[in-house]
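Please look over the sequence and the model first.

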Amino acid sequence: MLHNSITMVIIILLINIVYVSFFTIRMILTLKGQRYLAAFISMFEVIIYVVGLGLVLDNLNEIQNLIAYAMGYGLGVIVGMKIEEKLALGYITVNVISTEHEKDLPKQLREKGFGVTNWMANGLEGDRLSMQILTPRKYELKLYQTIKELDPKAFIIAYEPKTIHGGFWVKAVRKGRIKV
């Protein structure tokens, strides 16, 4: 009897980890405009959800099943987020402000394949080089590392753009021509 109870707890835990991972990925895909892929994933998500919930509801007198369901939900959120980090969908825009305008940072970043728009700006303590850099999210950490190597004192702000239209660099990235 105890063996069946432990097996049931493990099954419920695993089902909910998979379900919530699918749920998290589906939500992220929806937010990124990948509606057809999100809809496809949701079909599997709902099947897994109904099976897992059914197991718990059929055995409501077993508190360990409910605990396994809750733990699986929490672990599923973490697993889903980790999967999304690995997928690194979409683009990131990074604004960089540097005092190193003599080093020609935009040229060095462009040589590494990053799309850079730059201009001179004026800060509290004088002239600054301001750059806006667009890159696929999978290269985000490499970009930060490169910026810090070129200018350890650079001020960096990053955000995810919702819409991208036009520009020669985006076309090159979509064709796989980035060198990073």
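The model is predicted: local features need pLDDT of at least 70, side-chain atom pairs count only at pLDDT 80 or more, and totals for chains, interfaces and linings use all residues. Residues are numbered from 1 along each chain as its sequence is written, and side-chain values use heavy atoms, with hydrogens and water left out.

**Helix α5**
- Helices (H or I, at least four residues) and strands (E, at least two) are DSSP runs, numbered from the N terminus.
- Buried means under 20% relative accessible area, exposed over 50%, and partly exposed in between (1.4 Å probe, protein chains only).
- Helix α5 spans residues 140-150, and its buried residues are Glu140, Leu143, Tyr144, Thr146, Ile147 and Leu150.
- These buried residues fall within an arc of 165° seen down the axis of α5, so they line one face of the helix; the arc is that of the directions from the helix axis to the C-beta atoms.
- Exposed Leu141, Lys148 and Glu149 sit on the face of α5 turned away from its buried side.

**Salt bridges**
- A salt bridge is a side-chain nitrogen of Lys or Arg within 4 Å of a carboxyl oxygen of Asp or Glu, and the count by this rule is four.
- One of them joins the side chains of Glu45 and Arg26 (2.5 Å, N to O).
- Glu45 lies in helix α2 and Arg26 in helix α1, so the pair ties together parts 19 residues apart in sequence.
- Glu45 counts as buried at 6% relative accessibility, and Arg26 counts as buried at 18%.
- Another salt bridge joins Glu125 and Arg128 (3.7 Å, N to O); Glu125 is exposed at 68%, whereas Arg128 is buried at 15%.
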